[in-house]
Amino acid sequence: MRCFVFAACLFVLGAGVCPLLSAGEADGTLDIYFIDVEGGAATLIVTPVGESILIDSGYPDYNGRDRDRILDTLKNEAKLDHLDHAVVTHWHLDHYGNHASLASMIPIDEYWDRGIPDALKEDKKFQERIGAYRAATQNKSNKLSAGDVFELDTKGTPLKITVVTASREVIANRGKPNPFADQNEPKPKDESDNASSLGILLEFGDFRFLCCGDLTWNVEAKLVTPNNPLGKIDLFMVTHHGLPFSNNPVFVKAIDPVVAVMCNGPKKGGHPTTIATLRSCPSLKHLYQLHRNVALGADEQTPPKFIANSEPTVNCEGIGVKTTVAANGTSYTVQIGQAGTRNVYTSRSSEH
Ligand SMILES: [Zn+2]
């Protein structure tokens, strides 16, 4: 197991800190912004000392729509002017679409990915497309492997990031037996890069967040059978926008999330099979969707008050979902938009 410590960008403030400080001004909380990129993914994490990690960057094009939403979140919500770390979970355009474009507008200190393949079966133009990323990173992106561990600077509460999957490899299968392991029904092998997605487990004191990009069914099962090395999760970013080639019940039931956030689009993801799997988890309190699935009835998806955007893409304001984890990690809030109602949850490890 390799171990790194991120080079932190520290915002050191004295005692008597204003309680209305935003994340980038080091308020002691850990903030996670699920930015709406219309069915792609872009998740910004800001640590208690203001260190920033962007996981994926949405779709390119659309007049810079997704890039501008990321910049708006970074600058106007998180009050930051740069990114410390930019991560790519896998090589699909709805995940690395704006890394190069962002790099032309703000400083990005470090890039992290699973390694750049020579070719991509499903994308004949991959070598052409990856050129801009290579240029932005100056061919110096850091390759992540399953089992890599990062201990980040904080004001006290330990913050650890573990890479749990990468390039179809998974962390060692330790932990308690997964009681759902014998229910696994393998699907045909997924040859796409989705199966190679980085899976990232973030632990901040008692709080545990899992994000697995677009990881697909069989690798999900590989990760949590026969034993479950992840344990149970507080906040789960629903995998692959809620598509049913991912979110294997053997995996979702094992992690049994309390809160799930689904980065779907109006017509992408948010699949009823995935929603049914999530609803079968006994600990699930609330599912948040970035979008209403326009093809489903109201009772087939989460209630409207947990949906950030109800309009079709053409009219969408791009409202995000934000999680704020208390400085001691024992509780967290989830809200829709900057002014949304804050729902409070207790980190599950703190309940015992
Ligand atoms: Zn995707």
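What spacing do the donors of the zinc ion follow along the chain? They run D-H-x118-D-x26-H. Keep in mind that this is a predicted model.

**The zinc site**
- Four residues coordinate the zinc ion at 2.1 Å: Asp94 and Asp214 through OD, and His95 and His241 through NE2.
- Asp214 and His241 sit 27 residues apart and link distant parts of the chain.
- You'll find Asp214 in the loop between β13 (207-211) and α5 (217-224), while His241 is in the loop between β15 (235-237) and α6 (249-255).
- Asp214 has a relative accessible area of 3%, under the 20% cut-off, so it counts as buried.
- His241 is buried too, with a relative accessible area of 2%.

**A buried charge at Asp31**
- Asp31 belongs to strand β2, which covers residues 30-34.
- Though buried, Asp31 has no salt bridge; Lys322, the nearest side chain of opposite charge, is 4.3 Å away, and a salt bridge has to be within 4 Å.
- What Asp31 does have is a side-chain polar contact of 3.0 Å with Thr324.

**The whole protein**
- The protein has seven helices and 21 strands.
- Along the principal axes, the C-alpha atoms fill a box of roughly 55 × 50 × 45 Å.
- Of the 352 residues, 57% count as buried.

Definitions and conventions
Residues are numbered from 1 along each chain as its sequence is written. This is a predicted model: local features need pLDDT of at least 70, side-chain atom pairs count only at pLDDT 80 or more; totals for chains, interfaces and linings use all residues. Side-chain values use heavy atoms; hydrogens and water are left out. Helices (H or I, at least four residues) and strands (E, at least two) are DSSP runs, numbered from the N terminus. Buried means under 20% relative accessible area, exposed over 50%, partly exposed in between (1.4 Å probe, protein chains only). Lys and Arg count as positive and Asp and Glu as negative; His and the chain ends are not counted. A polar contact is a pair of N or O atoms within 3.5 Å; within protein, one must be able to donate a hydrogen and the other to accept it, and residues adjacent in sequence count only if both atoms are side-chain atoms. Donors are N, O and S atoms within 2.8 Å of the metal (3.2 Å for Na, K and Ca); water is not among the atoms, so sites may look incomplete.
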